[in-house]
Amino acid sequence: MRLRLDRQALAANWRALDRLSGDAQAGAAIKADAYGLGMDLVAPVLRAAGARQFYVAHWGEVEKLLRHVPAAEISVLHGPADPAQAVYARELGVRPVINTPRQAAFWRDAGGALCDVMVDSGINRLGVSPHALGDPAIAGLQVDTLLSHLASADEDCEQNARQLATFNGLAGSVPARRRSMANSAGIALGPDYAFDMTRPGLALYGGVPRAELAQHIAQVAYPQAAVLQIRNLSPGDAVGYNATFHAPRQMRAATVSLGYADGLLRCWPAGTKFHHGGAELPLIGRVSMDMIVLDCSAAPDLCEGDWIDLPYHLPDAAKHSDFSQYELLTMLGDRYDRVIF
Ligand SMILES: *Cc1c(COP(=O)(O)O)cnc(C)c1O
């Protein structure tokens, strides 16, 4: 099993999002092991393309990123949950994103320094509520970037403008060197949402959260799995656990090394089309933990060891499965050999 990553597409996506960010600089959300693609492969490409601000969610993600990116370019979105994490950030020189007055106190007690602050402008998830910005612990912070996060940037709805107005209204109350609001979809909402820094994630990796971005974003991740065995089925033969498929005719079937432990969950519909060269190979029977079976009647030359392409053009794959483009990326798992070409 391998996950092939297109270096050119990844770099071009960052440059396109940076360009679409206008006067603002595009950073990069690289949390969750670069949305499942692999931080060690993705981070150097994004930095070489020009990214100078990287966002992870957890403290456990910092060490890996530090192999590729200077500490001063790293922000940790979840902030310090205890004094030790604040001290850790100080020692390394990475910036915590402060989300609560309690986190602000941990940061102050660790010695303080430039940090980021997330303000909640209406998503009601993580971040300082506007009314708490006057808390003395928050007011005492030295703020590099004041962040906020959009709840529905992938939709045309009035919540976007409402959040923007809220964020604009707070500008005076928190002095900061920079402001940042837009994720990938937010970049497509236009220059009012860009401020000084944008934070694309999904679109870097080939996701298209809004139609406006489709022409600018290329597929990055190409998962492939190898054929383990080929067999001929006779009419009536049952395939897989619980015999959910019976061959309607004489047919060839390929058993492929890929299962729900690799992110191909059982809810992918029967008939989902995998590919080998130009041939379409529909999924038959149940998905197992480590294997699937495909109808390979359309590929008479298919052999053991051949590579099969997963249906991973993200906008299409999301339409044909029950998954969001985010889930499709982050659920791939760690049994793929990740290679960049
Ligand atoms: C994950 C995340 C992003 C990136 O969002 P995408 O929709 O993947 O572009 C930006 N900002 C914050 C705070 C995030 O948590």
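A polar contact is a pair of N or O atoms within 3.5 Å; within protein, one must be able to donate a hydrogen and the other to accept it, and residues adjacent in sequence count only if both atoms are side-chain atoms. The model is predicted, with local features requiring pLDDT of at least 70 and side-chain atom pairs pLDDT 80 or more, while totals for chains, interfaces and linings use all residues. Residues are numbered from 1 along each chain as its sequence is written, and side-chain values use heavy atoms, without hydrogens and water.

In the ligand site, a polar backbone atom of glycine 201 lies 2.9 Å from an oxygen atom of the ligand. The side chain of lysine 31 places an N or O atom 2.6 Å from a ligand oxygen, and for a polar side-chain atom of serine 184 the distance to a ligand oxygen is 2.5 Å.

Helix 1 (residues 7–20) packs against helix 3 (residues 39–49) at an angle of about 50°, the axes being 9 Å apart. Helices are DSSP runs (H or I, at least four residues) numbered from the N terminus. In their contact (heavy atoms within 4.5 Å), Arg7, Leu10, Ala11, Trp14 and Arg15 of helix 1 meet Val42, Val45, Leu46 and Ala49 of helix 3.

At the start of helix 5 (residues 83–92), the backbone nitrogen of alanine 84 has a side-chain oxygen of aspartate 82 within 3.2 Å.

Conventions: Axes fitted to C-alpha atoms, helices over the stretch in contact; angles between N-to-C directions. Helix = DSSP H or I, 4+ residues; strand = E, 2+ residues; numbered from the N terminus.
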